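Hi there,

Here's the structure I promised to pass on. Have a look at it first, and then read my notes below.

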Amino acid sequence: MTHDTASSPIRTVIVGVGNCASSLIQGVSYCRALGDQAVGVSFPELAGYTPGDVELVAGFDVDSRKVGKTLGEAAFAAPNCTEQFHTDLADQSAPVLRGPDLDGVAAHMLANPADRSFRLSDAPPLSKDEIVTKLKELNAEVMIIFLPVGSQQAVEFYVECALAAGVAVVNGIPVFIASHPVWAEKFRAAGIPILGDDFKAQMGATILHRTLANLAEMRGVEIDRTYQLNVGGNTDFLNMSENARLTNKRESKTEAVQSAMEQRLDENDIRIGPSDYVPWLKDRKVAYVRLEGRLFGGARTNIEVRLDVEDSPNAAAEALVAIRLARIAKDRGLAGPISEASAFLFKHPPEQIEDTDAHDVVLRFVNDEA
């Protein structure tokens with residue numbers, strides 16, 4: 001499929017202007033400024049689309065320090081604490097609009113210091129009809145969801161808005177939409193593509209864990225038990241310190257690793273998920289991964305790995321891939337969950353595919369216009 005990308009930007013709205021959004025906003029400007037010299041870009045070109053073709057046309061948030069600002073200003077507003085790798089955001093002039101609170105704001109977040117948590121805007125929240133109208137006015141094509149973990153009602157609200165406005169969705173968090181049969185059917189019926197759910201980071205704990213599990217399987221090693229314990233200091237980790245918000249997150253991360261095992265482990269032999277909030281880590285995530293197993297003859301072995309990454313750029317790299325894949329799916333008139341485009345990028349996709357295979361499947365999807 002040929003198109004003039006210069007006249008065909010991918011008009012994208014961000015729901016939740018937190019740390020991941022900050023890295024995405026910076027990332028778009030960074031890729032435009034540096035072009036081929038940009039470092040660490042996943043899939044620099046997909047069916048003619050580059051990361052610089054993403055045009056951010058609006059954001060939705062609830063925080064008083066972001067609502068009413070431009071995306072460029074909101075990217076560095078508290079409580080965002082991710083690395084500032086590209087600070088010239090003069091081109092990011094789209095507005096941040098006041099969305100509804102719903103369950104996007106956990107009560108314990110409001111009780112924490114302002115520089116670490118949310119402070120609600122007193123601007124009136126837009127209604128569903130107003131958001132649908134706004135999406136249409138903006139000619140939005142893709143909505144990317146970066147709401148806090150556990151925001152079931154809020155994610156469903158924005159997904160309904162996208163369905164009503166004809167906007168493709170990229171669901172970056174562990175609320176199951178692309179992988180849920182009822183929502184999948186709604187997108188099919190509406191003729192709209194959805195990618196999801198819950199981003200695997202570019203080089204994060206889940207992809208590392210899956211790779212080690214795959215390696216063990218390939219070499220004939222029996223894995224008996226494993227854990228992945230993650231600590232971090234951003235608002236995501238503070239939000240997840242409320243255990244009730246973690247059910248889907250644990251399921252998403254655990255299933256991502258279980259699906260890489262030849263023999264599924266008993267639930268008592270696998271533990272994966274956020275473990276603690278350490279404020280001074282800010283947007284750094286430190287993951288401790290351990291696998292215990294048996295070699296030939298039952299000889300014992302274990303692997304321990306410590307991974308230290310800046311959390312949000314790690315997700316934004318894959319977001320820039322997913323937004324472009326959503327546009328490609330839209331260009332081709334595809335509808336419903338785009339499994340071929342989701343398995344490589346998400347922890348809880350509609351269909352789990354081993355990572356090296358999933359990489360090939362993405363490329364086939366991009367290059368095959370059938």
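Which residue just after α4 takes a positive phi? That's Asn139, with a phi of about 55°. For background, most residues other than glycine have a negative phi, and most peptide bonds are trans.

Before I go on, some ground rules. This is a predicted model, where local features need pLDDT of at least 70 and side-chain atom pairs count only at pLDDT 80 or more, while totals for chains, interfaces and linings use all residues. Residues are numbered from 1 along each chain as its sequence is written, and side-chain values use heavy atoms, with hydrogens and water left out.

**The whole chain**

You'll find 12 helices and 11 strands in the chain (these are DSSP runs numbered from the N terminus: H or I over at least four residues for helices, E over at least two for strands). The radius of gyration is 20 Å, close to the 21 Å that the globule rule gives for 370 residues, so the chain is as compact as a globular protein of that length. That radius is taken over C-alpha atoms, and the globule rule is 2.2 Å times the number of residues to the power 0.38. Along the principal axes, the C-alpha atoms fill a box of roughly 65 × 50 × 45 Å.

Of the 370 residues, 56% are buried. Buried means under 20% relative accessible area, exposed means over 50%, and partly exposed is in between (1.4 Å probe, protein chains only). Among contacts with a separation of 6 or more, 78% come from residues 24 or more positions apart; a contact means heavy atoms within 4.5 Å.

**Back to helix α4**

Helix α4 covers residues 128-137, and its buried residues are Ile131, Val132 and Leu135. Looking down the axis of α4, these fall within an arc of 100°, so they line one face of the helix (the arc is that of the directions from the helix axis to the C-beta atoms). Asp129 and Glu137 are exposed on the other side of α4. The cover over the buried residues of α4 includes strands β1 (10-15), β2 (54-61) and β4 (142-145), along with helix α5 (152-165).

**Two buried residues**

Phe146 sits in the loop between β4 and α5 and is buried, with a relative accessible area of 10%. Leaving out residues up to four places away in sequence, Phe146 touches several residues, including Ile14, Cys20, Leu24, Ile173 and Phe199. Phe146 and Asp198 are 52 residues apart in sequence, and their C-alpha atoms are 9.4 Å apart in space.

Thr254 belongs to helix α9 (residues 247-258). Its relative accessible area is 19%, and it counts as buried. With residues up to four places away in sequence not counted, Thr254 touches Ile270 and Ile272.

One runs from Ala78 to Pro79, with omega near 5°, and Pro79 is in the loop between α2 (71-74) and β3 (96-98). Another joins Gly196 and Asp197, with omega about 0°; Asp197 lies in the loop between β6 (193-195) and α7 (205-218).

As for positive phi, Ala47 has a value near 50°. Ala47 lies in the loop between α1 (19-34) and β2 and is partly exposed, at 25% relative accessible area. Lys282 has a positive phi of about 50° although it is not a glycine. Look for Lys282 in the loop between β8 (270-277) and β9 (284-294), where it counts as partly exposed at 49% relative accessibility.

Cheers
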